[in-house]
Every structure is written in structure tokens, then in C-alpha cells.
Amino acid sequence: MLRTTLATVAALALGTSAAFAHVSLQLKDAPVGSTYRAIFQVPHGCEGKPTNLVRVQIPEGVIAVKPQPKAGWTLEKIKGTYAKSYDYYGTPTGEGVKEVVWSGGNLGDDEYDEFVLRVYLTKDLKAGETLHFPVVQECPDGVAERWIEIPAEGQSDDDLELPAPGVKLLEAASGH
Amino acid sequence: MRDQLGRSCIQVFLAGILWCCLAAAAMAHASLTGVVPADGAVVSVPPKTLSLSFSEPVSPLVLRLILPDGQARTLESFVLGDRTLEISAPGDLAAGTHVLAWRVVSEDGHPVAGSTIFSIGAPSSAPQVDREAIDWPVRAELWLSRIAIYIGLFFGIGGLFAVRWLIPGGADGLPIIRAATLLGMVATTLSLGLQGLDALGAPLSNLMDRTAWRAGLDTSFGLTVMVLLAAFLLAIITSSRSLVVSRAASLAALVAGSGALALSGHASSAAPQWLMRPAVFVHGLTIAVWIGALPPLAYALRQGGDLGRQALGCFSRLIPFCVAALTLAGLLLALVQVEEFGALFSTAYGNVLLAKMALLAALFLVVVINRWVFTKPVERGEGDATRRLGRAVVVETMIVLAVFAVAATWRFTPPPRAMALAAAQPASIHIHSDKAMAEVTFTPGRAGPVEVSAIILAPDFSPFTPKEVTFVLSNPKSGIEPMRRRAALQADGSWRASDVVVPLAGQWRLRVDILISDFELVRLQDDVEIAP
Ligand SMILES: [Cu+2]
């Protein structure tokens, strides 16, 4: 039993650098009405298989999406119309990127990588809430990991099997 | 066990504290990456170790093995190496389906759970659970009434037919024949109420209740009772009429009474009905002709003289054909009902059939002795032989009564055919939410290897094809953690998983994970009852 305890403790001690099981966002909070660097951390593949594709859905209220290209990956931006027009520093914006796909890569199950977007969080988003970015990892043989569940009222990420990565929204920075 | 749980809790607690001390708050859920024996595998020899591999380091909280008989055993002996948990399997594993239910804690102290299944030899179905309690008084009354109906039909109606058509010298037996008919009539009437009590599951004290009688009338037995009563009535009121009327009436009563048997019961409901119903009819009719002739024959023999000899001659010419038809019909019925030889020994129905066949063997022995040892001397007019034959006929009658008593227990034993049919019934549930609904069917709806299929519909009943469908089965009461099986889309638009083994009977929780699009997942959940 001591061994198990030690193993657990050791695993925990290494935790800071060890891989996280979920796809998660590195920066946990951000004010609305500001630019946000969404850094998606991909800790492992699907059931031991390497990741070939990462697909991120852009939630409503998030505009001016600019993905960061990655060597060895093909970048695709799927555009569409927003539910409404958002204000982007005085410019009304009604359409833009709604989905970003990095494909053709090969990220081993025992490797770690980050996928980055620069986005603008509009003031229409509610401070105090958590904004979720559903992410799908696709691997060979039709296997996939889908981090797409968004907690319902009264639920937390822990209640979900496949929680989508989220960022806590803060009040807009004053004096801007 | 308690001790281990306690330690595990401390570990979780320690882990929690440590985690808080570390700057980064990372979420980490371990996921299962490998199992030996593989999930759903059938192995020929019991495994010595069971192993679980995870995507990251874990430590076990609870490891339980659910055995084929439904008992759970906690597994305490394991070795944790790297990310793999090597568990020593108990040495005395029996053949059948086992469930390894695991609950581990991953690095963040978050418990993760699941179940995997493996079978030794072949997948097993679950042991029978206790059936509902049997109301013995009602059952005993039903049994007695059934015997009395047989006596009335075979000795009463059959006896009248014999006196009128075959053995005119047996008219001394008429009082007994009338008594038997009357007994049959009373028992038939009473059995309607008893049948109702049995159908309602009500106690004997409710026999005066109208609802019991109404319920009895509504069963398939209701029609049998009506026709039987008509046959008994006809036999009683015409028993003392002129020969012509009585002859016609006794024939009509015989046909109606035998026909009544074919209107209900296990055998009559078996397929193919065009064959089974006539078989029941012929079986009943030939029994009545043969058995009904026995008491009149005994009376005629006691009288002795020409009358007795005539009667015996008539009886021994006709009865062999009767018995041949009787045996043929009986064999046919038994073949259809029992289906396979082993069921003779393994089912109550088969056991009753065996007992009946043993009695029939004894009966036929007496018949053969009568036919070849006594008949010739009696026909030659030897008085000693006549008396001995008379006694032998009484013995025959006794054995026949025993056969009735045994056959009457069939009322309570479903034939193997019906049991196999009931077990093969699928179990279905309909799960509805505001995003999707699923019509899920387990075939068969009993424990063991099953095929799970689902039809997925939009809430407005329009069909749509999701990207993926996964069935997740768990049984919280038995400690079986979720087992997942991916379904495959079939040509007919349904989703099917055929590699599912439901290890235990009872209530299972089924979750259907429907991936509508890349980013939209709907989970439907409900309970489904799996039969033993
Ligand atoms: Cu519905």
C-alpha cells in the first residue's frame, strides 16, 4: 500500500509538467471586451493512438479569430454568419471564422502540443460565466476524442465525461 | 476492505492537498487504454491475472469481480506498475461470464470507473431468480378439479359412450358413470372460479368473489369450461333415455368433450395449430373410448356368461386401434412440447412426461397380460379367469387414475417450448428527450449474449442519422460500472451492437450516447429490465 501511496504522490509531484488528460485552455480567465490568446493543450491521443486532426468550434460571441499556423499541420478556417452583429472596436461584424481545423499532423499519444488562436471576446459575453470551446481530436481508424460537453445549469466540469475546455469570463477592464 | 477504502480515502485526501499546493490546477481524468482479457473476450482457461492499463498513473479504490452466479468478490491482491494494474484473479473461477468492475482514482483525485467483461468457456446466462410465491391451496384445488374433470370426461362421458355403443352388457355400471359425469360437471364449474383466482393471483378465500369468475371466463379456459359443461349436461340428461337418443347424445357428448380439451391448454396453443389441436382432440377422444369402456367391461365380466364374452370380444377388437391412435397423438404432442431430449430431465414439464410414461408402461403391461393371458380363457368361458380379468381391469382403472393425477400437474408446468419462447422475447425501451429519442431493443431480453439495436429519431418522430451511437450499460445495484459498446449503422437505418453480454438479470441502466454532429452529443438514459 505504501508503494501505491508513493506512486500517487510521485505522480502528483510530477503533475505540473505531466500531461493533462483533457484538452484544456492554458489561460483560465480573461476579461470580456478584450483580445484573448486561446492556447489549447493537447495532452495525449485517442486510446493510445496519435492525433491527426484538431477541430475547434468557435462559440457565439467570439469574433476576429486568427489561428496560429503550425509546421506540419494544414490549417483550415471555416467561415459563416454569426447569430447577430458584434461590435469590434466600432466595426459591426456579422460574419467570420466559426470553426478552425488543424489537420494532417501526427502528434503521438506520448507527446504534448499546443494549438493557438487569437480571438476577441465581445462585450456581449457575460462576465462571471464560463465560455466553452468544444474540441475534437481525430486519430487513425475513425477513433476520436471529443471534448464537447458543456455543463448544464448546476453542473460542473467534473460531472461530465467529456468536458469542453473553458475560460472564465471577467468584467471588462475599466478605463478602456 | 474497509481498511483499504480508508487508506484510499487518505490517499485521495493527500492527493487533494498536494494538488492545491501545486500552482497549476490541471484537470486529469485517466482513461482505460487496455484490458487483459480484452473486453468481451471468451477465454478457454480461467485467467491467472487480470490487467488494466490507463492513460496515466492511477491507484485503485475498488476492484470487484462479479461472478456468473451474481455474487461479487472484492479483489484485494494487485500490483501497480507504471500505468498498469496487475490483479491476481481468484483461483476458483467457474465457467461463464465475469464482470470486472473497477473504480480508480487518477492523479487529480478524481475517481474514474468502468467495467469490462470476459467469459470463461462461453458467455453464460444468469441463474434463475426466485419466482413469485406459489399459492398452494389454489394450486391444490386446481389440480384436484383437473383430475375430477378427467374422471368426468373419460369415465363419465366415455363410459356412457361405451355402454351405448360397445358394451351393452355393462349397463350395471351406469350409476358409477352418472356419478363420474356429475363430479366432472361440478369440478368444471368450480375450476372456472379457481382459474380466475390463479389468473388474478388471489387467495382461495376470494372464490366467492364475482371478479374471480369473470377473470376465469376471460381466460382461454373459459370456452373449454362452457363446452365441457354442455357435454356433461347432455350426457347426464340423456343417460336414461331410449337407446337411439342416448346413442346419438353420447356420441355428441364424447366429441364435444374431447373437442373442449383442444380449445385451451399448453398443447393447443403450440404451433402448428392445424396439427396440434386435432392431435389434442384425437388424444382426448381415444382416451375416453378406451378408459370409459373399462368399468362397463368390469361389470359385464362380473355378470359372466355370453354378455361378458361378447363385451370382451368387442373391446379387444376395437381397443388396439384406439390405443394406437392415442399413442401416436400423444407422441406427437410430446415431441412438439419438449423439443429436445435433454428437456425431459431438466424441466418440470419433461419430468411429468417421464412419470406419465412410466405409468403408461405399467398400464400397457397390464393391458398386454389381459389381452394375451386372460382374454382367450375368458372367451372359452373359464370362470376363474373371468374373475381374475375383472380384477385386472380394476387395476388398470387405478393406474389410469394415477395417470390423470400426473397429467393434471401439467397445468402448472410450462412446456420447454413455451419457456424457450418466453426467454427469447426481446426487451424494449423508448427513451425520449427534447433533442432526440431512441427505441432500443435487446434480443433476446434475457441475461447472456444479446444484440442491442436502436432506432434513433428526432423529437418530432422524423428519422435522422447521427454520426455515432454508443450504448453504455451499467448496473449500480450490482456494482457494475459503465460498459460501453459502439453501435454500427445497419442498412435498414438502425444502429446495432452484437458483441454485448448482459451478465446478470435485473434492472440495468442504459445510456445511449448519440453524436449528432462533430460537436453535439445527446445522452439518453433509462432503466431496462433484463429477464433471467
Ligand atoms: Cu419519444
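The crossing of H5(B) and H6(B) is left-handed, that is, the near helix is turned anticlockwise from the far one by less than a right angle. In this predicted model, H5 covers residues 221-238 of chain B and H6 residues 243-261, and the two pack at about 160 degrees with axes 8 Å apart. Axes here are lines fitted to C-alpha atoms over the stretch in contact, with angles running from 0 to 180 degrees between N-to-C directions. That angle makes the pair roughly antiparallel (over 145 degrees). On the H5(B) side the contact (heavy atoms within 4.5 Å) includes Val227(B), Leu228(B) and Leu234(B), and on the H6(B) side Ala249(B), Ala253(B) and Gly257(B) are among the residues involved. The contact residues split into 10 nonpolar, 4 polar and no charged.

Then there's the copper ion. Its protein donors (N, O and S atoms within 2.8 Å of the metal) are NE2 of His430(B), ND1 of His432(B) and SD of Met437(B), sitting 2.0 to 2.1 Å away. Their sequence spacing reads H-x1-H-x4-M. His430(B) is partly exposed at 35% relative accessibility, and His432(B), at 46%, is partly exposed too (buried is under 20%, exposed over 50%, partly exposed in between, with a 1.4 Å probe and protein chains only).

As for chain B overall, 51% of its 532 residues count as buried.

Residues are numbered from 1 along each chain as written, with chains lettered from A and ligands numbered from 1 in written order. Local features need pLDDT of at least 70 and side-chain atom pairs 80 or more, while totals for chains, interfaces and linings use all residues; side-chain values use heavy atoms, leaving out hydrogens and water.

Terms used. Helix = DSSP H or I, 4+ residues; strand = E, 2+ residues; numbered from the N terminus. Parallel < 35°, antiparallel > 145°, perpendicular 65-115°, else oblique. Nonpolar A, V, L, I, M, F, W, Y, C, P; charged D, E, K, R; others polar. Donors = N, O, S within 2.8 Å, 3.2 Å for Na, K, Ca; no water.
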